[in-house]
Amino acid sequence: MKLDDINWKILKCLQKNARQSNTEIAKQVNISSPAVAERIRKMEDIGIIQGYHAKVSHYETGHQLKAIITLRAFMGRLKPFLEIVKNFDEVVNCYRITGNENIVMEVVLNNQKHLEKFIDQLITYGETRTHIVLSNVVENNPILRKTHF
């Protein structure tokens, strides 16, 4: 499927607010509501649109800390870590990366004591670095049509 200008406009609308109706999107992109629904369905079918999610405040749910933790795995400990990390409730996002560290995790924690206990679990897998998030500067920016340089 080729992403034309209209598809890109629909994607931008959905990334801004996935709960808006097809009618609202249709008004913004100047096509009919059924045409919007069909385009969305096709983009879902081929995996361009992979899901719809609620944005939840970590702070309002009682998690006082948000942190970015990097892990440099010990020899032979990366594969076990990749399996266990899926079971940590604290981990919101986890990325396997290149460079000195192997892993970057975004985590939410109740407090400093919780952070300490969580790091104690991680240090059996490798060396960690923790960065406390103070605020979000850019969050969930929409993916836009690629530009050519």
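## Salt bridges in the model

A salt bridge is counted where a side-chain nitrogen of Lys or Arg lies within 4 Å of a carboxyl oxygen of Asp or Glu. In this predicted model, K86 and E83 form such a pair, with 3.8 Å from N to O. Because the cut-off is 4 Å, the K86 and E83 pair at 3.8 Å qualifies. K86 and E83 are both exposed.

The structure has nine salt bridges; the pair of K86 and E83 is one of them.

R41 and D45 are joined through their side chains by a salt bridge, at 2.4 Å from N to O. Both residues belong to helix α3, which spans residues 33–45. They are four residues apart there, so about one helical turn separates them. R41 is partly exposed, at 36% relative accessibility, whereas D45 is exposed, at 54% relative accessible area.

R41 and D45 also take part in a network of salt bridges that includes E38 and K42.

E139 and K55 make another salt bridge, in which the closest N and O atoms are 3.0 Å apart. E139 sits in the segment after β4 (126–132), while K55 sits in the loop between α3 and β1 (65–73). The pair therefore ties together parts that are 84 residues apart in sequence.

The two partners fall into separate accessibility classes: E139 is partly exposed, at 34% relative accessibility, and K55 is exposed, at 66%.

Key
Residues are numbered from 1 along each chain as its sequence is written. This is a predicted model: local features need pLDDT of at least 70, side-chain atom pairs count only at pLDDT 80 or more; totals for chains, interfaces and linings use all residues. Side-chain values use heavy atoms; hydrogens and water are left out. Helices (H or I, at least four residues) and strands (E, at least two) are DSSP runs, numbered from the N terminus. Buried means under 20% relative accessible area, exposed over 50%, partly exposed in between (1.4 Å probe, protein chains only).
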